[in-house]
Structures are given as C-alpha cells and as structure tokens.
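Student: I would like to learn how to read a few features of a structure. Could you take me through them one at a time?

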Amino acid sequence: MATEMLPLFRLLQLVSPSLPTGGFTYSQGLEWAVECDWVHDHRSLIDWLQSILHSGFVELELPLLKRLYAAAQKQDLVTFLHWSEFALACRETKELRLEEMNRGRAMAKIVQELDHTTDPQWLEAVRQCQVAGFALAALRWDINLQNAALGYTWSWLENMVMAAVKLIPLGQTSGQQALHYLSTHTPEVVKAGLAIKDEEIAGSCPAFTIGSCLHETQYTRLFRS
C-alpha cells in the first residue's frame with residue numbers, strides 16, 4: 001500500500017507551493033490586469049483565469065506537457081528538446097521567457113538533487129523550460145499523465161489565486177471560492193488539452209500577453225512578472 005501511494009505523495013510534492021521553483025513570485029500579467037481594473041473582484045478574477053484555462057492551457061500548456069512526457073517516456077531526447085524549445089518560443093514577452101527559464105533552472109536543480117541518475121543532457125533541456133522539468137519529474141516519480149496534467153493545472157491556478165488575494169485585494173474566503181469553482185472545470189480542461197493534435201497547438205491570450213508586456217514598466221510591483 002505504501003508503494004502504491006508513493007506517486008500520489010510525489011505529485012503533491014511536485015505541485016506544492018513550497019517546491020522551490022519560485023512560482024509564487026510571478027503573477028503572469030495579473031498584476032497589471034488589477035492595476036488597470038480588468039480584474040477587480042471575485043467574478044472578474046474567475047473570468048480572467050477561465051479564459052486562460054480554455055485557451056492557453058487547452059491549446060498550449062497541456063498539449064506540450066503531454067508531448068514532453070511522451071518523449072521522456074520513450075527516452076527520445078531529440079523530441080524532448082524540440083518541444084522544450086517550442087515551449088520557450090511560445091512565451092510572448094521578455095518577462096514570460098525569463099520566468100520559464102528561471103523556473104526551469106530551479107526545476108533542473110530539484111530533479112538533479114532528488115534523482116542522481118538523470119542524464120545531464122536531459123537536465124540541459126529542463127533548464128530552459130519549467131514545463132519540461134515538470135513532465136520529466138512526473139515520469140521519473142511514476143505519476144501518470146492524467147494526474148500530472150491535473151496537478152500542473154492546479155498548481156498554476158493556486159499560484160494565480162494566491163497572487164489575486166494579495167493584489168485585488170481579495171479575501172481568503174473569496175479566493176478559496178474562486179479556486180473551488182475553477183477547479184471543478186479542471187477535468188474538462190485537461191481532457192480537452194490532452195486531445196489536441198500537433199497541428200492544433202497554438203494558444204492565444206492577447207489580454208494576458210498585453211498585461212505581461214505592460215507589467216515590465218509598471219511603476220509599483222509586488223511580483224516579478
């Protein structure tokens with residue numbers, strides 16, 4: 001029983017805010033969205049995050065996670081590198097690219113220290129892309145793809161809601177209500193994202209990108225992006 005439960009504990013570890021990848025230091029444009037009143041309460045936060053889930057996650061994040069996981073499963077380093085580089089190329093602003101690389105380096109360090117058998121060539125791919133590190137760690141820790149995708153989505157949602165609680169500001173209870181509501185839609189988001197074909201991978205969130213661009217020059221900031 002203890003062995004059977006280990007992948008669940010590893011998934012909880014991987015999605016925990018205490019994992020030292022610095023996810024809690026980023027708002028991904030949300031700070032600017034609050035500054036210009038695009039997001040100002042519980043309802044507008046849900047609308048903002050839901051639009052990203054149904055575009056950015058369904059059409060980009062989850063399809064990339066699936067392909068990185070499959071490449072690692074097949075020990076196909078060339079394909080793993082391809083999708084890692086593709087993920088980085090899809091980060092549309094300087095802040096988003098720096099976040100991806102910073103968190104990728106942190107993830108590579110975690111994977112290296114927790115699994116000393118990882119080939120340095122795989123770690124090099126992880127250093128430029130945190131989603132690659134998530135996929136590789138999930139595979140190494142026997143977390144199946146479905147659960148890895150659910151955990152990846154949950155981790156992002158939790159970080160964004162935690163940021164919103166500070167920025168709007170939103171009460172802790174309202175934050176939990178938003179998280180509770182959005183998480184009920186997560187299974188359908190994951191199902192749709194894992195069904196996307198190669199030629200359909202894209203994802204377009206103009207307001208998200210604009211928010212990230214303008215955040216670079218925002219006068220007062222709590223978050224790095």
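Predicted model: local features only at pLDDT ≥ 70, side-chain atom pairs only at ≥ 80, totals over all residues.

Student: What is the volume of the largest pocket?

Tutor: A pocket is an open set of grid points with protein on both sides. Here the largest pocket has a volume of about 530 Å³. Its lining is made up of 34 residues, and those closest to the centre are Q28, E61, Q130, Y152 and W156.

Student: Which elements give two or more residues to the lining of the largest pocket?

Tutor: Five helices are to be named: α1 (2-15), α3 (42-73), α5 (94-114), α7 (130-140) and α8 (145-167).

Student: How many residues of the lining are nonpolar, polar and charged?

Tutor: Sorted by class, the lining of the largest pocket holds 17 nonpolar, ten polar and seven charged residues.

Student: Which residues make the nonpolar surface patch?

Tutor: A residue needs over 30% relative accessible area to be part of a patch. In this model M5, L6, L8, F9 and L12 make a nonpolar patch of about 440 Å². One of them, L6, sits in helix α1.

Student: Why is L6 classed as partly exposed?

Tutor: Partly exposed covers the range between buried, under 20%, and exposed, over 50%. L6 has a relative accessible area of 39%, so L6 is partly exposed.

Student: Turning to the backbone, which peptide bond is cis?

Tutor: Look at the omega angle. The bond from I168 to P169 is cis, and its omega is near -10°. P169 is found in the loop between α8 and α9 (172-184).

Student: What is the phi of D37, and where does D37 lie?

Tutor: D37 is not a glycine, yet its phi is positive, about 75°. Its place is the loop that runs between α2 (30-35) and α3.

Student: And what is the phi of D142?

Tutor: D142, again not a glycine, has a positive phi of about 60°. The loop between α7 and α8 holds D142.

Student: Is D142 buried or exposed?

Tutor: The cut-off for exposed is over 50%. D142 has a relative accessible area of 60%, so D142 is exposed.

Student: Where does L114 lie, and what is its relative accessibility?

Tutor: L114 belongs to helix α5. Its relative accessibility is 47%, so L114 counts as partly exposed.

Technical notes. Residues numbered from 1 in each chain as written. Heavy atoms only, no water. 1 Å grid on protein atoms, 1.4 Å probe; cavity = no way out; pocket = protein on both sides within 12 Å on 5 of 7 lines; lining within 4 Å. Points joined across faces, edges and corners; volume = space filled by probe spheres on them. Helix = DSSP H or I, 4+ residues; strand = E, 2+ residues; numbered from the N terminus. Nonpolar A, V, L, I, M, F, W, Y, C, P; charged D, E, K, R; others polar. Patch = residues over 30% accessible without salt bridge, like charges linked within 9 Å, V, L, I, M, F, W, Y side chains within 5 Å. Areas by Shrake-Rupley, 256 points an atom, 1.4 Å probe, with all protein chains shown as cover. Salt bridge = Lys/Arg side-chain N within 4 Å of Asp/Glu carboxyl O. Buried < 20%, exposed > 50% of the residue type's maximum accessible area, 1.4 Å probe, protein only.
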